[in-house]
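Hello,

Here is the structure I said I would pass on. My notes follow below it.

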Amino acid sequence: ALVCLYMAIAERLDLSVTSVCVPEHIYIQWPDDDGEPENIETTQEGKILAHEVYVQRCGAEITEKGKKFYLRPLSKQETLATLLSPLGSALRENERYKEAITACRLAISINVYDAEAWNNLGMAYRWDDSNDLAMMSYRKAIAIKPDFAAAWNNMGSVTEDLEERITY
């Protein structure tokens, strides 16, 4: 939520900042004096990190779908979507499954390329006893980010077939 605070203060001061997302993380970009973006890490007291740090964090393989979401400036609406997914996760952890599904579906309706939102939606469906919808959601997450280990693991937790579980 620090990203929201940074963005709200910047907007109030009429400063040009945007958020950028990598898998399971969001940070701020601010143009330097030459107009080049600097990456501000809100979780490290505003430390400036190189673009390559975030490229590595994206993992070995980002599909074309993933490139439409990760490592690019996000609109305010897309920034909101990145926050709805963890909200869905928190609601799920509090056994509020229908609300979790709603939050994740809203995140996806804003940005269909958010692999974390698809994975969180799958977990909410799983706990709501909708395993077919859970599996479909995990597959969407993996289509966006093929090396998304959590989504692969979650697929294994849904299937009853032992060999399939081992494969996932």
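What percentage of the 168 residues of the protein chain count as buried? The figure is 43%, where buried means under 20% relative accessible area, with a 1.4 Å probe and protein chains only. This is a predicted model, in which local features need pLDDT of at least 70, side-chain atom pairs count only at pLDDT 80 or more, and totals for chains, interfaces and linings use all residues. Residues are numbered from 1 along each chain as its sequence is written, and side-chain values use heavy atoms, leaving out hydrogens and water.

The protein chain has nine helices and five strands; these are DSSP runs numbered from the N terminus, helices being H or I with at least four residues and strands E with at least two. Along the sequence the pattern is α-β-β-β-β-α-α-β-α-α-α-α-α-α.

Strand β1 (residues 18–22) has four of its five residues buried, so it is largely enclosed by the rest of the structure. Strands pair if DSSP finds at least two bridges between them. β1 runs antiparallel to β2 (residues 25–31), joined by five bridges, and is also antiparallel to β5 (residues 73–74), over two bridges. Serine 19 faces isoleucine 28 in β2 and leucine 74 in β5. The hairpin of β1 and β2 has two residues between the strands, and glutamate 24 there takes a positive phi near 65°.

Helix α7 (residues 131–144) has 14 residues and should span 20 Å at 1.5 Å a residue, which agrees with its end C-alpha atoms being 20 Å apart. The expected span is 1.5 Å times one less than the number of residues. Buried residues of α7 include Met135, Tyr138 and Ile142.

Regards

Methods: Buried < 20%, exposed > 50% of the residue type's maximum accessible area, 1.4 Å probe, protein only.
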